[in-house]
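I'd like to walk you through one structure, so let me put it up on the screen.

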Amino acid sequence: MDATLVKDIGFKALLVGGAVLVSFWTFNAVKLVISARGINPLVRKFFDQIAAGRIDAAYGLTTKTYKTHVKRQDFLKFLASLNLNKYRNLKSGRPRVQEDQIIITLNLKSEDKQDELPLDFTFAKTDNDWKIDRIAKVNS
């Protein structure tokens, strides 16, 4: 075989492999965006409920699994430990898929932008609605 022909075949194989990889990534990215619809309104509703003092309503946005592991009193203590009233801005990170859940790091910032509080929210779909399955501080 001619060396040029081998190079040409190798280059074409590389292009095909790259195209398959890009197609796979694009398909998964589109699938993620479509499946994640409904999470942003849930996050907004969660923080609106807390800001309005409707803690039980915020707790109601969590999964049965969450409520099994985090009792209402523990939820109240966790929220109190976050000092959420000092944060005004919320920035959402890039969603990550893990099995049938979506994890998003939400970064809360104080009004003066001096303090930040990154929180990992894990979302699980129950029936056709997203619910919060886990909330954890991100270790810096």
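Okay, so leaving aside its neighbours within four places in sequence, which residues is serine 110 in contact with? Before I answer, keep in mind that this is a predicted model. The list is Lys86, Tyr87, Arg88, Asn89 and Asp115. Serine 110 sits in strand β3, which covers residues 101-110. Its relative accessibility is 4%, and buried here means under 20%, so serine 110 counts as buried. Its side chain also makes a polar contact, at 2.5 Å, with the side chain of aspartate 112.

Let's stay with β3 for a bit. Eight of its 10 residues are buried, so the strand is largely enclosed by the rest of the structure. And who does β3 pair with? With β1 it runs antiparallel, joined by five bridges, and there lysine 91 stands opposite asparagine 107 of β3. With β2, residues 96-98, the pairing is antiparallel too, over three bridges; glutamine 98 has glutamine 101 as its bridge partner in β3. Those two strands form a hairpin with two residues between them, and glutamate 99 in that turn has a positive phi of about 55°.

Then there's β4. It pairs with β3 over nine bridges, again antiparallel, and leucine 106 has leucine 119 in β4 as its bridge partner. This is a hairpin as well, with five residues between the strands, and lysine 113 in the turn takes a positive phi of about 65°.

Now over to helix α5, residues 72-82, where Phe75, Leu79 and Leu82 are buried. Looking down the helix axis, the buried residues fall within an arc of 55°, so they line one face of α5. Lys77 and Ala80 are exposed, on the face turned away from that buried side. What do the buried residues pack against? Helices α2, α3 and α4, plus strands β1, β4 and β5. Just after the helix, asparagine 83 has a positive phi of about 50°.

Last stop, the core. The largest nonpolar core has 28 residues, and the ones with the most contacts inside it are Phe46, Phe47, Phe75, Leu84, Phe121 and Phe123. Elements giving it two or more residues are α2, α3, α5, β3, β4 and β5, with α2 supplying the largest share, six residues. Take phenylalanine 47: setting aside neighbours within four places in sequence, it contacts Leu84, Leu90, Leu106, Leu108 and Phe121.

How values were computed
Residues numbered from 1 in each chain as written. Predicted model: local features only at pLDDT ≥ 70, side-chain atom pairs only at ≥ 80, totals over all residues. Heavy atoms only, no water. Buried < 20%, exposed > 50% of the residue type's maximum accessible area, 1.4 Å probe, protein only. Helix = DSSP H or I, 4+ residues; strand = E, 2+ residues; numbered from the N terminus. Arc of directions from axis to C-beta. Contact = heavy atoms within 4.5 Å. Polar contact = N/O pair within 3.5 Å; in protein donor to acceptor, adjacent residues only side chain to side chain. Core = buried A, V, L, I, M, F, W, Y, C linked by side-chain atoms within 4.5 Å. Pairing = 2+ DSSP bridges.
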